Amino acid sequence: MTQPQDAASEARPAIQPAIRPGAEPGAEPGAEPGAEPGARSQAPVGPLPGPLVGVDWLAGRLGAPGLVVFDASVGAHRAASDRIPGARPFDLDGPLSDHTAPVPHTMPGAPEFTEAMRALGVEDSDTVVVYDGAGVYSSARAWWMLRAMGFDRAAVLDGGLPAWTAAGLPTSTTGPAGVAGGRGPRGSFTARPRTGLLVDGATVARALADPAAAVLDARTRERFAGTAPEPRPGLRGGHMPGAVNLPFTELQDPTGRMRPVGELRAVFRALTGERDRLYFSCGSGVTACVLALAADLAGYEEIAVYDGSWSEWGMPGTPSEFPVTTGP
């Protein structure tokens, strides 16, 4: 599976429990604004089975009123011609990151996030499925951002576009009708931010000293150890003292799907023991969300993502020369 490059408090706030989706969405009648002709499903969306859905679940509901499909691909996958019919762009390299921040892929503020979702035609009552072209990579970041903004009817497509095409399901090479370029109807989405789901470096520094917490790093073992250079120039090599390495690919099978829940639980227990307050980091806050997805699937409730991740922590001299160590 080809992966693109992976891409901020007062005294320690409690990490907010992840709220699992499942409420019946109040879908409005009529065709989905982004659906293409012939793509509409007559089946109701119904409640999400959890934070992860399979291609069969999505295929049976594609085009149903109240269902929004997002393509959250980044890097080279963002430019790919094929996509799931009707998918709208959740552009992490564009408006869905704060480009005034000093590090990439920073979460935008609530007003900006609200505006981006409304411009994409998203209603507060919609159900959202997010995928990406790598498998499960940047789609998890979009899912976690929605959750951090108070929206729980969202799930990640297991295996992403590769799983969709491997199942022989149709793809499209055209943009979503009526949504791209702001031509479609605006949505009613309103961000309702939750504290503690996205945290800053100072919070992570306190977590590293907390015996009830664990900080897990989703980067490769070589980058964690400091034996491979960082893809972003100027960053220090190595990892946070006390952090645990868990490359996100080790939570997936060879096809890019997430491993079974029992296996995910075993992986986390082996690395964190009885600690149940988990913080996740990576290169720029993207694949850390794959770990958050896996932890949610495994039943953990107190989980948070370090928004700046290594792009902030590894920066020399800022924000306060966070400590770095090398080796396994």
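This briefing walks through the strands, helices, aromatic rings and cysteines of one structure. The model is a predicted one. Its open sheet has 5 strands in the order E1-E5-E4-E2-E3, paired in the parallel sense, and the structure also holds 10 aromatic pairs. A search of the whole structure for disulfides, by contrast, finds 0 of them.

**The sheet and its edges**

- The open sheet runs in the order E1-E5-E4-E2-E3, and because strand E1 (52–53) and strand E3 (88–89) each have a single partner strand, they stand at the edges, with one side of each left without a neighbour in the sheet.
- Strand E2 (residues 67–71) pairs with strand E4 (residues 127–131) in the parallel sense, and 5 bridges join the two.
- Within this pairing of E2 and E4, Leu67 stands opposite Thr127 of E4, while Phe70 has Val130 of E4 as its bridge partner.
- E4 also pairs with E5, again in the parallel sense, over 3 bridges, and here Val128 stands opposite Ala154 in E5.
- Taken together with helix H3, the strands E4 and E5 make a β-α-β unit that is right-handed.

**Strand E4 within the structure**

- Of the 5 residues of E4, 5 are buried, so this strand is largely enclosed by the rest of the structure.
- The side chains of E4 are divided between two directions, with Thr127, Val129 and Tyr131 pointing one way and Val128 and Val130 the other way, and all of these residues are buried.

**Aromatic rings**

- The structure holds 10 aromatic pairs, and one of them joins Phe70 and Phe90, whose ring centres are 5.3 Å apart and whose planes stand at 75°, so this pair counts as edge-to-face.
- Another pair is formed by Phe151 and Phe189, with ring centres 5.7 Å apart and planes at 45°, so the arrangement is tilted.
- Phe151 lies in the loop between helix H3 (139–148) and strand E5 (154–157), whereas Phe189 lies in the loop between H4 and E6, so the pair ties together parts that are 38 residues apart in sequence; Phe151 is buried, as is Phe189.
- Ring pairs link Phe70, Phe90, Phe113, Phe151 and Phe189 into a cluster.
- A ring also takes part in a contact with a charge, for the charged end of Arg219 sits over the ring of Trp310, at 4.3 Å from its centre.

**Helix H8 and the residue after it**

- Helix H8 (residues 288–297) has 10 of its 10 residues buried, so this helix is largely enclosed by the rest of the structure.
- The buried residues of H8 include Ala288, Val290, Leu291 and Leu293, as well as Asp296 and Leu297.
- Just after H8, Gly299 takes a positive phi of about 100°.

- Ser309 has a positive phi of about 45° although it is not a glycine; Ser309 is placed in helix H9 (residues 309–313) and is buried, with a relative accessible area of 0%.
- Gly184 is placed in the loop between helix H4 (160–166) and strand E6 (198–199), and at 17% relative accessibility Gly184 counts as buried.
- Although Gly184 and Leu120 are 64 residues apart along the chain, their C-alpha atoms are separated by 7.9 Å.

Technical notes
Residues are numbered from 1 along each chain as its sequence is written. This is a predicted model: local features need pLDDT of at least 70, side-chain atom pairs count only at pLDDT 80 or more; totals for chains, interfaces and linings use all residues. Side-chain values use heavy atoms; hydrogens and water are left out. A disulfide is a pair of cysteine sulfur atoms within 2.5 Å. Helices (H or I, at least four residues) and strands (E, at least two) are DSSP runs, numbered from the N terminus. Buried means under 20% relative accessible area, exposed over 50%, partly exposed in between (1.4 Å probe, protein chains only). Two strands pair if DSSP finds at least two bridges between them. Rings of Phe, Tyr and Trp (its six-membered ring) pair if their centres lie within 6.5 Å; planes under 30 degrees apart count as stacked, over 60 as edge-to-face and the rest as tilted. A charge sits over a ring if NZ of Lys or CZ of Arg is within 6 Å of the ring centre and within 35 degrees of the ring normal. A crossover is right-handed if, with the strands pointing away from the viewer, the path from the first strand over the helix to the second runs clockwise.
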